[in-house]
Amino acid sequence: MRPLLFTVLFWVVAPAVLVVHLLGAPTFPGYLGVLPLAGLLVVLVALWFMLPWELNATRRAASVAFVIVCVVLAAVDGSGLVAPLLLIGLGNVAQVFGTRSAYGVLGVVVAMFFVGGMVVYGQEWADSLRISLINAVLCAFGISVAAAVRKAALLLNELNAREEEIRRLAVAEERARMAREMHDSVGHYLTVIKVGLENAERLRERAVDRAWDEVRQSKLLTVEALTETRRSVRALRPLALEGRRGSAALGELARSFDGLKVDLHVTGAERDLGPDAEIVLYRAFQEGLTNVLRHARAATASAELRFEEEGVQLVITDDGIGAEPSQDGFGLVALTERVTALGGAVSAGNRPGGGFELRVELPA
């Protein structure tokens with residue numbers, strides 16, 4: 001993360017150093033002429049584009065080289081204009097190596113300025129000390145700016161890591177919930193099938209027709225149990241499919257429903273909903289499509305994900321036969337509980353023109 005202040009400062013100061021020397025010809029012991037100065041500035045510009053600003057940067061040598069060229073340039077320049085460039089270099093050291101390393105390098109640079117001022121330029125020790133301390137304060141400001149940027153980057157990385165951890169925990173909790181539902185649902189089917197087969201075994205000699213009825217009923221329940229198991233296995237898949245989130249995860253889920261054509265549309269500016277809201281929408285989409293596939297006798301389902309200022313809506317409709325006017329199923333009841341816990345609302349019912357509609361609303 002390159003601080004904007006450093007970018008502006010570099011492209012103002014670097015050309016200014018050359019312009020000052022082109023307009024006048026300084027006469028002091030360390031001055032080597034315009035061409036060597038221009039050559040050093042070219043090297044500095046090249047290093048500028050190579051400077052690493054990431055916390056885990058691998059090109060750290062460029063950071064050290066930039067500071068060295070700034071020190072040499074300061075000795076050749078002699079006007080004091082290079083100090084802001086040195087500020088940038090030490091700020092970069094703070095960003096890449098840490099604040100302590102930057103202050104250690106600053107101490108070495110200030111000592112070199114103090115000694116060089118007396119030896120090369122013949123300054124009195126008090127004047128040399130004053131100039132060195134002024135440069136030290138200026139460079140310390142650059143280190144402070146870079147340290148603040150580094151701290152912000154570290155906090156951002158930590159927040160991202162925690163958000164991802166929350167997302168994993170939410171997915172794990174949802175998988176555990178679905179596993180419990182799978183256990184209860186499939187366990188109920190197996191219990192009824194077991195009782196039916198026991199009845200068929202008991203009736204196989206004295207009431208053959210009733211025994212075969214029990215067998216046929218058990219067979220039908222086996223098909224339903226298999227369908228429920230497949231639905232539960234699909235529900236246990238992770239929320240982020242191969243790194244997908246939001247509408248991309250919903251689209252991948254829609255493609256997993258064989259035998260049902262699903263049209264998914266997104267309106268409004270899509271934004272991150274957070275792990276809780278995202279997983280609830282994912283399960284709502286899954287529950288809606290599952291009900292369409294199992295009960296609606298529909299060939300097509302339409303879904304719209306609406307992002308609005310006050311929240312987000314997921315609307316699922318189909319062209320099927322609608323639902324019987326009976327009590328909501330277990331899946332819809334469980335979904336309503338999850339949505340309500342987030343302050344949202346669920347509405348479901350037959351459409352006037354035919355088919356069924358499920359609407360889930362979550363606040364922003």
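Modeller: Angles here run from 0 to 180 degrees between N-to-C directions, along axes fitted to C-alpha atoms. The model is predicted.

Colleague: At about what angle to β3 does helix α9 run?

Modeller: Helix α9 covers residues 275-296. This helix lies across β1, β2, β3 and β5. Its angle to β3 is about 10 degrees.

Colleague: At about what angle does helix α8 run to β1?

Modeller: Helix α8, residues 247-255, lies across β1 and β2. Relative to β1, the helix runs at about 170 degrees.

Colleague: Which strands stand at the edges of the sheet?

Modeller: The sheet is open, with mixed pairing, and its five strands follow the order β1-β2-β3-β5-β4. An edge strand here has a single partner, so one side of it is left without a neighbour in the sheet. That describes β1 (261-267) and β4 (345-350).

Colleague: Which residue of β3 is the bridge partner of Ala-301?

Modeller: Strand β2 spans residues 300-307 and strand β3 spans residues 311-318. The two pair in the antiparallel sense over seven bridges. In β3, the partner of Ala-301 is Asp-318.

Colleague: How many residues are in the largest nonpolar core?

Modeller: Helices α1, α2, α3, α4, α5 and α6 each supply at least two residues of this core. Among the members that touch the most others are Phe-10, Leu-44 and Phe-66. The number of residues in this core is 39.

Colleague: Which tryptophan is in contact with Phe-10?

Modeller: Neighbours within four places in sequence are left aside. The contacts of Phe-10 then include Pro-15, Leu-44, Val-45 and Phe-66.

Definitions and conventions. Residues numbered from 1 in each chain as written. Predicted model: local features only at pLDDT ≥ 70, side-chain atom pairs only at ≥ 80, totals over all residues. Heavy atoms only, no water. Core = buried A, V, L, I, M, F, W, Y, C linked by side-chain atoms within 4.5 Å. Buried < 20%, exposed > 50% of the residue type's maximum accessible area, 1.4 Å probe, protein only. Helix = DSSP H or I, 4+ residues; strand = E, 2+ residues; numbered from the N terminus. Contact = heavy atoms within 4.5 Å. Pairing = 2+ DSSP bridges.
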